[in-house]
Amino acid sequence: MATQESGQQQPGTGRGRRAVLGAALLGAGAAAVGLPGVARADERHGPGHGHGHGHGYESLPKPTVVAHRGASGYRPEHTLGSYQLALDMGAHVIEQDVVPTKDGHLVCRHENDITGTTDVAERPEFASRKTTKSVDGAKLTGWFTEDFTLAELKTLRAKERIPGTRRHNTLYDGRWDIPTLEEVFEWAEKEGRRRGRQIWLHIETKHPTYFRQLGLGLEEPLAKLLRRYGRHKKNSPNFLQSFEPGSIQRLAKLVAAPRVVLLSSANSRPWDFVEAGDPRTVADLIKPEGLAWLARFAQGIGPTLDLIIPKKADGSLGTPTTLVEDAHEADLILHPYTMRNENTFLPANFRKGTDPAAYGDAFGAFKAYFETGIDGIFSDNPDTALLAAADFAKD
């Protein structure tokens, strides 16, 4: 999902850890009913917030744990191995980012630039495909999905994106290929039948304006796939998300599945706004009038965590904003991004020691964010997030 860069499993104690281990052993069945002590939507929200009727996303445990690119703290991101581990850990929802191939198939990559997440640079047969492009105003040099057919992409192997920080994940380099979104739907159906419940997904359209200008619009093929697998309805077990409100508006006309607008830093502008000359920034969208506008076509927002609790000059957490309260007033849920266990991604006051790749006090940071009233959170480490959610519910 997010471009903000914010594990290994750490020992836990007590009932919370046993619950998560039990969920994994039972095929994550606990995610269907909520871990012990994790309040459900109707227990966490009062009247007037549109939650608590037990249908669709309203039935998810709160706080909802969204596995960011799968269990990407432990496996190379956006692989079936990463998704499977997240599900086995008990994640409530598993995220996919989608980009197109040259021949119009949707594949799961965080970016269309696959230089850092595949072995393409080591493949001499594709050396000539290396190029420089401008994607949403950023100049990038590398290899891009839109220059490969699906058959060509399937010859590549996935690898760890940040090996300097997640050295243990490099063990799995080359083990998995790039999954198509259709393969993920097939996997989710198979796992759903095996576990006797729906498997929730969180699907993001990446750079939709950029791809539409190339004749590779994302929304129509996504909607076609959603309809094919019965995931297009109001209570279907998936969220659709994008940093471009226009993409969500387009999807709202095609399918009824719940939709989330992602929000980056306050001074940034969605790229479709830039292209259209819309002067509004994210700071405008998180004002009550902006949230009311988003609520016309979305059911939630996915803000960067800094919009929930800004950081001070020293990198520690400051005072929470009113965004959670304001969004709930507009009848929007909040799934902010992204919590990661490593020091380098944690607020300064939750870091431990001097090794940026070592784990800090992730549980303390989770608690601080949960206390704001958010409905869920994206995490690279879903097992940690689940334990933190169980701890929070017991407090």
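User: Which elements are included in what covers the buried residues of α15?
Analyst: This is a predicted model, where local features need pLDDT of at least 70, side-chain atom pairs count only at pLDDT 80 or more, and totals for chains, interfaces and linings use all residues. Residues are numbered from 1 along each chain as its sequence is written, and side-chain values use heavy atoms, with hydrogens and water left out. Helices (DSSP H or I, at least four residues) and strands (E, at least two) are runs numbered from the N terminus. The cover of the buried residues of α15 includes α13 (305-308), β11 (376-379) and α16 (382-394).

User: How many of the 9 residues of helix α15 are buried?
Analyst: Buried means under 20% relative accessible area (1.4 Å probe, protein chains only). Among the buried residues of α15 are F366, Y369 and F370. Helix α15 (residues 362-370) is largely enclosed by the rest of the structure, because the number of its residues that are buried is 7.

User: Within what arc do the buried residues of α8 fall?
Analyst: In helix α8 (residues 219-228), the buried residues are E219, L222, A223, L225 and L226. Seen down the helix axis, they line one face of α8, because they fall within an arc (taken from the directions from the axis to the C-beta atoms) of 160 degrees.

User: Which residue in β5 stands opposite T132?
Analyst: Strands β4 (residues 131-135) and β5 (residues 138-142) pair in the antiparallel sense over 5 bridges, where pairing requires at least two DSSP bridges. They form a hairpin with 2 residues between them. Opposite T132 stands T141.

Technical notes. Buried < 20%, exposed > 50% of the residue type's maximum accessible area, 1.4 Å probe, protein only. Contact = heavy atoms within 4.5 Å.
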